[in-house]
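Work through the exercises below with the model open. Try each task before reading its solution.

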Amino acid sequence: MHEDRVFDPEPSVRRLARTIYERTIALPIVSPHGHVDPRLLADDAPFPEPTTLFILPDHYVLRMLYSQGLSFESLGVEPKGSVPDREAGLIPSAATVERDARRIWQLFADHYFLFRGTPTAAWLDYQFDEIFGIRQVLESGSALRIYDEIAEKLTTPEFRPRALFDRFRIEVLATTDAASDPLEHHARIRTSGWTGRVIPTFRPDAVLQILAPAWEDEIARLETVGGRRLTTLGAFIDALAARRAHFKSLGATATDHGVETPYTTSLPADEAEAIFQRARQGTATPDDQRRFQGHMLMVMAGQSIEDGLVMQLHAGSLRNHNQFVFDRFGPDRGADIPIAAEYTRNLRPLLNAFGNDIRFRLLLFTLDESTYSRELAPLAGHYPAVRLGPAWWFYDSIEGMTRYRDRITETAGIYNTSGFNDDTRAFCSIPARHDLSRRVDANWLARLVARHIVSLESAHEMARALAYDLAKDAYRL
Amino acid sequence: MHEDRVFDPEPSVRRLARTIYERTIALPIVSPHGHVDPRLLADDAPFPEPTTLFILPDHYVLRMLYSQGLSFESLGVEPKGSVPDREAGLIPSAATVERDARRIWQLFADHYFLFRGTPTAAWLDYQFDEIFGIRQVLESGSALRIYDEIAEKLTTPEFRPRALFDRFRIEVLATTDAASDPLEHHARIRTSGWTGRVIPTFRPDAVLQILAPAWEDEIARLETVGGRRLTTLGAFIDALAARRAHFKSLGATATDHGVETPYTTSLPADEAEAIFQRARQGTATPDDQRRFQGHMLMVMAGQSIEDGLVMQLHAGSLRNHNQFVFDRFGPDRGADIPIAAEYTRNLRPLLNAFGNDIRFRLLLFTLDESTYSRELAPLAGHYPAVRLGPAWWFYDSIEGMTRYRDRITETAGIYNTSGFNDDTRAFCSIPARHDLSRRVDANWLARLVARHIVSLESAHEMARALAYDLAKDAYRL
Amino acid sequence: MHEDRVFDPEPSVRRLARTIYERTIALPIVSPHGHVDPRLLADDAPFPEPTTLFILPDHYVLRMLYSQGLSFESLGVEPKGSVPDREAGLIPSAATVERDARRIWQLFADHYFLFRGTPTAAWLDYQFDEIFGIRQVLESGSALRIYDEIAEKLTTPEFRPRALFDRFRIEVLATTDAASDPLEHHARIRTSGWTGRVIPTFRPDAVLQILAPAWEDEIARLETVGGRRLTTLGAFIDALAARRAHFKSLGATATDHGVETPYTTSLPADEAEAIFQRARQGTATPDDQRRFQGHMLMVMAGQSIEDGLVMQLHAGSLRNHNQFVFDRFGPDRGADIPIAAEYTRNLRPLLNAFGNDIRFRLLLFTLDESTYSRELAPLAGHYPAVRLGPAWWFYDSIEGMTRYRDRITETAGIYNTSGFNDDTRAFCSIPARHDLSRRVDANWLARLVARHIVSLESAHEMARALAYDLAKDAYRL
C-alpha cells in the first residue's frame, strides 16, 4: 500500500492532504455505530481462521462473488434448511456446501480482481498489510501462502479481539442490539475487569414490524425480558422505555431505527391503540403497519427527549429483495436494495413537534444521494435537533464520501454532520475504514486549502472534528 | 483573500482560469433577478450599521446559526408577537431579544467557523475585504474591531447605496415585486434624476394562492391598485395584464413565479371560473388550488407572448417547513426546504401550447439537482422557448455551480442557459456573488481548455457569455 | 485535435492516461447496440454528400439547432404532410423546406459554436479530422471549403460504407430491428460474400404497444411475416418466439426493449389473454397497456432463458414530448425527454423469477442518473443475471461517462457492466464515439492509478475489459 493512497495526484494538494491526514493518525477511533458481535469482546476467543474472519461475515464480499455467478454454497454459506433448489445448475448453486476453508479462500482469491476499484478491496488490502503484515498481493498464486500466514497469526495472543481493540486504539465501540436483547455480553464485558468501552445501541425495529411473521415472537421476547405482559400500547411503550433505561445503564447513548420510508405521524391515542390491538390479534393491515411505524417514531423521539438517547434514522433500504436468497440463506446476504427516499414531507410532523428542541438529537442517514443536497443538508442546516449521519453503506467509499462532503457542506457546513461511522460487523475492518475516511476527508480538505477556500489552520481543525470530535459530540459520548 | 481563490491548483488549469477570469473582471454586473428592496436605492440613505447590513437580512446566516442552537432572539430577530414559547429553555430561545448590535456581531463572529466551506463565508470574506478593506479574519478576537471599522465607513458618502451601485458597476438591477405593489420606489428612482437602472419584476404568487389566509387581502390590494372589483376570473386576468403593463412601463422585462410543483394544465373556461368563484367565497379546495395554479401558469404564459415579459419559474421549495419558526418569526427565516421536482410531465401542457413559439421565453429553476441532466437540460436542449436559470439558492456555490455546468452543458450547451442571478436581498453581496460565479465559470472553462475540449479563444467567448451576454439576452435586457 | 484531448491536465495522470489509452487503440470495435441502417452495408452505395451524412440523421444536431430557434424546414427536414403551421412566423418555421445541401451546411457551420462543450462537437471534430482529414475548424468562413472537401472524398471507393467498416476495424455491428422486420438487408449482407459481421437485434416494442394507433398494423405485419393469424395471446407469444429464432439465425444475440417504466408483473394466463383480446378489439385501457407490457417483459425474459438472447431494457424516456414536432415531422426529432425511473420495486417480480438464473442476462439502461448508485449498482452487484448497460444517450459524454464510472464501480465493480455502446445511427460517428469512450475510461483509470487505488497492471486489464472484453461477454458475442 502506498503511503499517499487516495490522495489527489496534484503535488500541492497531495502535500496538503498528507499534512492534514498526518495530524489525524494518532486520534483514537470513535465507533458510535456498528454491528460487531459483543460476544467477540466478551469471550475474547481467538478468531478461528481467515475465511471465517474475512469472507463469511462480509456481505460486501459475498454479494459481489454471487453477482458473478458463484454460489453461496461454494463460499461456505449454509442454506437454512429444506428449501428446494429451483432448477439445479441454473441458479448459482452447488450440490454440497463447501466446508474446506482453504478452498473457499482460494476461490475468493481467484476472483479478487472483481473488487478492483471498490472499497472492499481498499479495506481488505489495509487489513492484510497493516494488521497482518502481508506484503503480497492477493491473487490465485499467493492465496494459500497468505491464508497460512494469517491463520498462524490468528493463533497468537496479539491477534485476540481485545488485544486488537487496544492496538486499533478504539476509544469507544457501539454495537447494535435488539430491544429484547438481554445484553448479557455487554454485562460480561463490564464486569470482566477489561477497560475497553463497548456500549450497546437500542434498535427496536423488530418489535415495531407488526406485520412480520416473527412479530409475535419478538413481543413475547420483550415480555420475557421485561417481565410483564404487553396487552396495551401503553404497556408496550412503557416496556420500550424500560429497555432504553437498561441499555442506558450499560452505556448506551443512542437508539437506531431502520425504516423503508421515514414517514412520521401523530395518531390519536385511541387509533394507535386500536392498531396495536389489531396487530396482537394478527389482523393488522399494511396501512396499519405504515401508520404505526410513523406514530412510534414520534413516540420514540419523545422518549429521546426524556432519556437523552440520540435517535438514528436509517431510511431507504428495501430489505431482502431477492426472495430466493432470503428463503434459502436468510437475511443479510447482500440483497437489500435502496429505494428513492423523501424526507422533507415525511419528517415534517416529527420535526415540527421536536425539531426545535435542543434536548433532541436526530441523526439522519440515506441511501438516496439525491437527497443530500436537496433535502438533508437544508434540514440539517436549519433544525437545531438534526445532524446528518455519514455516507452510509454503498457510499462508504472514496467517491461516495467525497460526494457526500461536496453536496452537503456548502449548505449545512461540517458542524451539522456527525463524523464517521464504520457500520461494520467485520471487526478487523474497523481501522481500515476509519483510515480510509480520514484520508478522504484530508484530501477533500486539502482541495479546499489549495483553492484558498479555507485556511490550512482551519483545515486542521476541521480534520480533527471530522475524525474525532463530531462523532463524540453527535452521539453524546 | 488569495487572488487565485476557487481556481484549480493544477498549475496549467490555474493559469488558464486566471487568464479567462481576468477578461471578465471589467464586465458590468447584470443582475436580472434578486430581492434588493428598491426603497434602498430610492432613499439612498446610509446603511445603519454592520449587524443590520450583514446578519439580519441574510437567511443563509440566520439558518446556520439557528441550526447550531442559537436562538433567533439572541441574534436580534423580533418575534412577531404573542406566540408563546413552547417550553422555555428547550427550544433555542431567549427571554429577551438582543438589541445591542455589537453583542450580536460578537456572537456571530464567535460562530463564524460554522461557515467554513460554505458560500456564505466566501461572500462575506469578499465583502469585508474588497468592499470594506478589512484585512483581518473575522473571529472572536477581531470581531469588534471589524465592526467598528465597517460602521465608520458606512457613515461616509462612498458607502451610500447609489455610490456602491456605481462602484459595483451594476448595469441593471431587477427587484422582485408583488403584483399589487404600487411600485412607488421604482417610480421615485425614475424621477430622481439618478441614472442607475433599477427595474421591477412582476411576481404574482400571492394573488394566485387562493387557499392562503391572506388571499382575500391580496385580491383587495389588487383591486385597490387597479381601481376595479375583481368579481370574475376574466376581470382578475385583465387586472394581471394591467399590472404587467404597469410593471413594463417601469422597465420590467420579466415575471417570476414560485410554485411547489410546476404542474400546468389548461382548464375549460367555465371550470376555471368556477374555481375562482369558490376561491372568492372561501370554499376552494386544495385540488382547486393546484388546478387553478396550473391553469394560471398557462394563462400567464399566454400573457408573456402578448407583452413579451420573460417568464421565470422557480419550482420545488416547500415554504415555511418549520411551523414554530413561522408562527413566531414569520416567513423567510431559513425554513424553506426543497422537495423532489418533476418537469417532464408537469410542463408538457404548457410546452405543447407555447414551447415552440419563439416569442415566448421560459426560464426554469430547480432545487432538485437530479433534474439537471434528466429533465431540464433535455427540455432546454429542445424547446425554443426554454432557457435554464442558473444554479439556484443552495446551489449558488462553488461545487453547486460546477455541478450545474457539468450536468447541463453536455446536453443543452451553454447557450440555452441564462448567465448568473445573484438572487439576493443583501445588497453588498451582489459583487461578491458575481465574482464567485465568474471565478467558478472561468475555472470550469479552464478545465475544458486544459483537456482540449474547447479552445482558449472559445473559452474567452463563453466566459463573456456566461458573465454578461446570456443574462442580457435571456431576460431581454 | 490534440492527441491528449479529454485527459486530465495533471502531468502524472495525463501520462498514465495516455499509456493506458494507447494499449486500447488497436482493439477492434465491438458495437453491440446501435441504430445503423443495415441497408447501408447491404447496398454499399456511396454516401450522397455531407449534409445528408452529418446533419439530417443526427437528432443531437437537429435538437440543438431547433432549441435556438432554427426551424426544421431550414435544416432540410421535410414535414410529414398536411399538418398546418400554427401561427406562421411564431413557431420556428419556414414557408419552404431548404433543399440546397450547401446552404444547410452553411447554416449549421454558422451555429457550430452552440455545440461547444458537448459530445456532438467532440464526435464531429473527430470525424472531420480523423476520417476526412480536415485540418480546419468548422465555422462560417470555412464551411463550404470543408463541405466540398468531404463531398469529394465521399465519391471515392475508400469512403464507401464497407470500406469504412473495415477501416474502423469493426469486429461486429448490431443493428436494431422491429419484430416484424423481414431482415432482408441482413440476409443480403450474409449472402453477399462480404465478411463483415453485421447482426440484427430483436426489438418488439411496436407489437407490444397495444394502445398505439399503429398497433393493428404492426400485428398485421407480424402475421404476414410469420404466415399465421394471431388471434390468441399464445399465438402471439409463439410468433415472437419464431421471430426471435429467425433473428438468431441471422446472428442476433440480443433483444431490446424500450419502456417508459420498467414495471414487471406476472399476470394469470386468463387475465393476460383477456387484455390481448381487448387490445385486438380496440378496447384496451391505459392500465391494460401497463399490465400487458409488464407481463410481456416477464414472458420475454422466459424466452431469453430458452433461446439465450440477452435482454436489454432501456427505460425512462417519454417519447415524442412535443406534440407539434411529432405531428409535423414525426418521431426521432429530439423531443424524447427523460423521466424519473424506479427499478428496485418495478423489477422485483422479474428478478425474483429469473434474476438468479445464470442462463438469463438482463442489461439495464437508464436516463435517470440518480438510479446509478441508488438502485442499478446495488442490483447489478447482487443478481447474477444483471449487468449494467453503459451511460446512455444524454450521458454518452465525457462528464456523463465519468459520473457513470464514479457512481457505479464502488458498488458493482466494472465486471458487472457491459463495456461501451455507440447507440448511433450515424455510421461515421462510430469510431469517434468508441475513441471518446476509451479516452474517458483511460483517464478514469489513470486517476485510480495515480491515487494508488488500483495498480497500473490492473488498470491495463480493466481498460481492455472496458473497451473490448466486457461488451463481447455481456452480449454473448
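**Exercise 1. Compare the span of helix α7(B) with its expected span.**

Solution. Helix α7 of chain B covers residues 143–154, 12 residues in total. Helices here are DSSP runs of H or I with at least four residues, numbered from the N terminus.

The model is predicted: local features need pLDDT of at least 70, side-chain atom pairs count only at pLDDT 80 or more, and totals for chains, interfaces and linings use all residues. Residues are numbered from 1 along each chain as its sequence is written, while chains are lettered from A and ligands numbered from 1 in the order in which they are written.

**Exercise 2. Which residues of α7(B) are buried, and why do they line one face?**

Solution. Count other C-beta atoms, placed from the backbone, within 10 Å of a residue's own: 20 or more is buried, 12 or fewer exposed, in between partly exposed. Buried are B:A143, B:I146, B:Y147, B:I150 and B:A151. Down the axis of α7(B), they fall within an arc of 130° (directions from the axis to the C-beta atoms), so they line one face. The face turned away from the buried side carries exposed B:R145 and B:E152.

**Exercise 3. What do the buried residues of α7(B) pack against?**

Solution. Contact means C-beta atoms, placed from the backbone, within 7 Å. The partners are α3 (50–54), α5 (101–110) and α6 (119–131) of chain B.

Key. Helix = DSSP H or I, 4+ residues; strand = E, 2+ residues; numbered from the N terminus. Expected span 1.5 Å × (residues − 1). Contact = placed C-beta atoms within 7 Å.
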